[in-house]
Each structure stands twice: as structure tokens, then as C-alpha cells.
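Trainee: Could you walk me through this one? I'd like to start with a helix end.

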Amino acid sequence: MRRSGIAGAIMAGCLIGPLAAEPNASSRTAAPMAAGRASAELRYAGYVAGLNVSNIRAALDLRPDGYEMGVAFRTAGLLGSLFRAESIARVNGAWRDGRAAPEHYASAGVWRGTPREVAIAYPDGQPHLITFLPPTDPEHEPVPEAMRRNTTDALSAIASLVHTVATTGGCDGHLTTYDGRRVSDITAHTVGMETLPRESRSSFSGPALRCDMEGKQIAGFPIDAGPDDMVRKVQHSTVWLASVQPGMPAVPLLMSFEVRYLGHMTVYMTQAQPGAQMAQFTPRLPQ
């Protein structure tokens, strides 16, 4: 199984086609949260054709002076028994002009039986690849240096989304993400408040903010991706966000997107609690 670049960003964040919002007062449809510290630990389950194919843990710590975020992903069910894939990623950064500005991003795990590790530093606000394992990637076209500039990592994009929804009530915006292997352009639109029905796979029902997203991978394509491959086309995804406990920011509750070779995937929140144990999200290669 291979994820598309857009889906990869969504799942890396557990969650979302990432964006950094540029507030639009006319689209503010969720009640803004007061500025301050907000943290949460979240669990999600991903389904394809009614089968549980992935499980995700996430931790988010937003502070007035910066943020940290961690995500752990693992394949599950029948897919997990046939195809082992797992990863842990973590980022820390500061806020600049209302956006998340990463300082250090790292991820490690196993994909298709191969250990993979990436570390990116942003000493001057630009991504500098400092760790890349394996040193050559036979599955993806190389990303030109020029296309890495002015990009952010997927987790910082998610932190920015949560921060912006909390402070403005909307999620309109555009950004470009780079994860060490691929570059994607993402645009998001605020749709408005909708009511999520009760669902046995989810721990939440009720009003939530809907954000629709369009994403297109622009570099780092799989070597075997022909001109009509889905990774070369605009992909559509949707995320619904709400605060599920007092003191928690609005976080992704339900995500819907396409995954290369698997088709339509839906990711449900299964558990949420305040606080974030960031030490549990230290990227290291599995033994």
C-alpha cells in the first residue's frame, strides 16, 4: 500500500489535509476560543470498506508562545497482518503572524518493511533536511531544492489549523507541505457548522465545523505514477472539528479522503482527553 502525498499528510496528522489558515472574517462560523494554553491527547481509527485498517494516536500542546505535536500511526486489522507500517512523528515550533512556524520536525518508522527516518530543521525559517533514511529513495522522484522553500511540515500545518479555528472560528487558507519525500499544495475552505450523527465507530456526535480541502502533490511523485495516477490529480478531503471537553481546542473528529490503491478512507475519533504526554511521541526506529 502507498499513500498519496495528500493522504499521507492527512494521516501523519492523523487527520487532516493540512493548512495554515488566513482568517476571513466573513467565514467565521465556529465560536473562537480564548487565547491560552490548550492541550489534548486523541485516538483515531481509520476505515476502508467497513474494515479497520489503521489506528492513530495524537498529542497536541498549544501555548501562547509556541506548540508541540506528536502523532503515532500503525496499520491495523487484516491490512496490518498483511502489511506492517508504523511511524511516530513529532514537531515543535513557534507562532509567527498567526501561523505555526516549525523549528524541528522528526519522524521514524517502518514502511513496506523498510526503516525510514526523516529530520528537518528550520534555523532560518526554511526546511533543511538533516536526516534522511534510507539515503536514497528508489520509490519517489527527488524533490528539487527550490520546491522545498517556504514549506511547512504536515504536523505544523495541523497545529496551525487547530490554532486558527480556536482563535478565529474559520479555516480558510493555503499552504505547501514538505515531509522530506514529497511536496503538496493544500487549500481549505470553511463550509460551516454541521451536526454529526451518532456513529458506533466514533466517540462524538453533535455540532462540528466542516472544512473542505483540495490538495495536489507537486513534487516527489512515485516512480511508477503515470500521467493518470491519482497522485497527479487534485484530491478532495473533508474534516469536521469541535471541542469535545471543556478547556480543549476544537480538534478533528471525523476525516474523509482518498488513499492510493485503497480508495475512500474515513477516520473517526475514538477517544479524547485533556493534557498531552509528549514524551510518548519520541521518534525512533522500531527494533
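Mentor: Just after α4, Gly169 takes a positive phi of about 85°; helices here are DSSP runs of H or I with at least four residues, numbered from the N terminus. This is a predicted model, where local features need pLDDT of at least 70, side-chain atom pairs count only at pLDDT 80 or more, and totals for chains, interfaces and linings use all residues. Residues are numbered from 1 along each chain as its sequence is written, and side-chain values use heavy atoms, with hydrogens and water left out.

Trainee: And what caps the N-terminal end of α4?

Mentor: Asp153 does, with a side-chain oxygen 3.0 Å from the backbone nitrogen of Leu155.

Trainee: How many of α4's residues are buried?

Mentor: Of its 15 residues, 14 are buried, meaning under 20% relative accessible area with a 1.4 Å probe, protein chains only.

Trainee: Switching to Glu41, where is it found?

Mentor: Glu41 sits in strand β1, residues 38-48, a strand being a DSSP run of E with at least two residues.

Trainee: Which side chain of opposite charge is nearest to Glu41?

Mentor: That is Arg57, 5.6 Å away, and Glu41 is buried yet has no salt bridge, which would need a side-chain nitrogen of Lys or Arg within 4 Å of a carboxyl oxygen of Asp or Glu.

Trainee: Then what lies 2.4 Å from a polar atom of its side chain?

Mentor: The backbone nitrogen of Gln277 does. Beyond neighbours within four places in sequence, Glu41 also has contacts (heavy atoms within 4.5 Å) that include Ala58, Gly275 and Gln280.

How values were computed. Buried < 20%, exposed > 50% of the residue type's maximum accessible area, 1.4 Å probe, protein only. Lys, Arg positive; Asp, Glu negative; His and termini not counted. Polar contact = N/O pair within 3.5 Å; in protein donor to acceptor, adjacent residues only side chain to side chain.
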